[in-house]
Amino acid sequence: MLMRLRLFSFRAAVALLLALGLPLAATVAAQPATGGPVNFQIDGWTDNWFAAYNGEKLIVEDSVPITTVMSFNSESARFTAEYPLHLNFIIKDYLENKTGLEYIGTRRQQMGDGGFIMQVTDLSTGKVVAVSDEKFACKVIMRAPLDKSCEREARPVAGVAPCTFMELAEPAGWKRPDFDDSSWKDTTVWGSREVSPKDGYYRIKWDRQAKFIWGPDILADNTVLCRVTVNKPAN
Ligand SMILES: [Ca+2]
Ligand SMILES: [Ca+2]
């Protein structure tokens, strides 16, 4: 009975709106045509770990800790925000310690490599509005080893030649929209042959424009900060 009443009242409301000459679409549409909050989805894959922020606000952090060897999962997360987006990323390669090496003391002792790819979809239109590419502003803040012969050391020690490293603190305020990233020119596009994506990468349908990025040295650059601004696309 209740259902029938509701049905009736919905029909009555529609009839009334039609009688008043109001367009039905205007009463049904929930998403504003311009401005206001929009729902987005971000997909990201990193060899080995990333965190994504809109401004200072964390959107998603890789669910597998950076301390995990061989972590090649991807992450997909939804968030609500207004254009323009100010996306900030911390991307990290796995390393056992500040020598920058992994599998230390085994026959596999090596400099691990990195690689990062992401895309953002505007769920109100279904269109991809941002992809990782050469337009990102990136800065390497951890590089190790500075001398690649470290890889062949029998007992590599971080900070002792040839296993010296470079490490900078995250610049103050780097996630703020007005931060000056004009000197951030480490962004380097890499091919899938060099990155050899794995596991979680294949769980995502990537936009064809999305590229693998990292610092200029895919082996020795271990922590990279990246920024990009995403404006509302013209219709
Ligand atoms: Ca590395
Ligand atoms: Ca790696």
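Predicted model: local features only at pLDDT ≥ 70, side-chain atom pairs only at ≥ 80, totals over all residues.
Ala77 belongs to strand S4, which spans residues 74–81. Beyond its neighbours within four places in sequence, Ala77 is in contact with Ile42, Ile59 and Val60. Ile42 lies 35 residues from Ala77 along the chain, yet a distance of 5.4 Å separates their C-alpha atoms.

The discussion now turns to the sheet. Six strands form an open sheet with antiparallel pairing, in the order S3-S2-S5-S14-S10-S11. Its edges are strand S3 (57–61) and strand S11 (166–167), each of which pairs on one side only. Within this order, strand S2 (residues 49–54) is joined to strand S5 (residues 85–92) by six bridges in the antiparallel sense, and Tyr53 stands opposite Asn88 in S5.

The largest nonpolar core comprises 43 residues, and those with the most contacts inside it are Phe50, Phe89, Ile91, Phe116, Cys138, Val224 and Cys226. Several elements give two or more residues to this core, among them S2, S5, strand S10 (137–143) and strand S14 (221–230). Strand S1 (38–46), strand S8 (116–122), strand S9 (127–131) and strand S13 (212–214) likewise each give two or more.

Val224 illustrates the contacts made by one of these core residues. Leaving aside its neighbours within four places in sequence, Val224 is in contact with Ile91, Cys138, Lys139, Val140, Asp186, Trp214 and Gly215. Of these partners, Ile91 and Cys138 are also listed among the residues with the most contacts inside the core.

Key
Residues numbered from 1 in each chain as written. Chains lettered and ligands numbered in written order. Pairing = 2+ DSSP bridges. Helix = DSSP H or I, 4+ residues; strand = E, 2+ residues; numbered from the N terminus. Contact = placed C-beta atoms within 7 Å. Core = buried A, V, L, I, M, F, W, Y, C linked by C-beta atoms within 7 Å. Buried ≥ 20, exposed ≤ 12 C-beta atoms within 10 Å, placed from the backbone.
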